[in-house]
Amino acid sequence: MAELVGVYAASHGPLIVRNWSNVRPVDQKNISAAFSELGRRLDAMHPDILIEISPDHWVNFFIDNLPGICVGVGEIHDGPKEPWLKDFPHRTLAGHPELASHIVRTAVERDFEPSISYRLTLDHGFCIPIWKAELDRVPALIPIVLNDIEPPFPSVKRCYAWGAVLAEAIASYPVDVRVAILASGGLSHSIGEPTMGKIDEAFDLECIRRFESSNEHMLVDFLSKELPLVGNGASEIRNWVAAHGAAGGRGFELIHYSPIPEVYVGCGFAAWNLGARA
Ligand SMILES: [Fe+2]
């Protein structure tokens, strides 16, 4: 049977790449170290398949066609279109249609109706963490787009339940493969709105504190109230909530957090403690 071997989260602010030269050296060092540590931990678990949860930043979808959840079930996904990601080392990435389709079937049995795509283009949300973590080998990738971009959003509670569906699908997949999950995005940030560039460090720290605990109700209640108040980009923390649900609500270990003005993002990196029972 398949096994969930690791659950992780990382920020993906585009300015980590686009504005790197203007990031203070101390922050460059911390961000690079955080991505490296994430990559080291992921590599150490030898996953065959990586499920990555990220928003789509208007590359595959727009407001004329905007799924709440879309599972990439294709054999192949395309690399990023953003010109500033031209050095991303993959033009295409291999998918895993069998497990992806099993996830979709499991989801429908659990009263979710995700959309599917046979060929997604992976934007910076998917590509920056994979790239900067410098993985020895990129596992077969199942991208899952979660709409964190444009209301109406999936509720925080629903995102947690979606993560539980992912865990159930992995546990019931009848093939001996090792699977990891990576949530991409967050923490607080504000893009293209009057508060653009604002980072709410107090919120981020409280958010981290609640992810560290294994009380998912405290986390869900807090985020349901606070997410709309801390910048539109903070909505991406929904992906972390899905990861938390996949990890059975076990707390996570923070790898690193820094609010970085040059990146406009409260940058966070974490790994869930799968060995510790909630
Ligand atoms: Fe984003």
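Donors here are N, O and S atoms within 2.8 Å of the metal (3.2 Å for Na, K and Ca), and water is not among the atoms, so sites may look incomplete. With that in mind, the donor residues of the iron ion follow the spacing H-x44-H-x178-E along the sequence. Keep in mind that this is a predicted model: local features need pLDDT of at least 70, and side-chain atom pairs count only at pLDDT 80 or more, while totals for chains, interfaces and linings use all residues. Residues are numbered from 1 along each chain as its sequence is written, and side-chain values use heavy atoms, with hydrogens and water left out.

**Iron site**
- His12 (NE2), His57 (NE2) and Glu236 (OE) are the protein donors, sitting 1.9 to 2.1 Å from the iron ion.
- His57 comes from the loop between strand 2 (49-54) and strand 3 (69-72), and Glu236 from the loop between helix 7 (216-226) and helix 8 (237-246), so the pair links parts of the chain 179 residues apart; helices (H or I, at least four residues) and strands (E, at least two) are DSSP runs, numbered from the N terminus.
- Glu236 is buried, at 4% relative accessible area (buried means under 20%, exposed over 50%, partly exposed in between; 1.4 Å probe, protein chains only).

**Around Thr92**
- Thr92 belongs to strand 5 (residues 92-94) and is partly exposed at 41% relative accessibility.
- Leaving out residues up to four places away in sequence, Thr92 touches Ile76, His77, Asp78, Gly79 and Arg119 (contact means heavy atoms within 4.5 Å).

**Helices 6 and 8**
- Phe203, Cys207 and Phe211 of helix 6 meet Ile237, Trp240, Val241 and His244 of helix 8.
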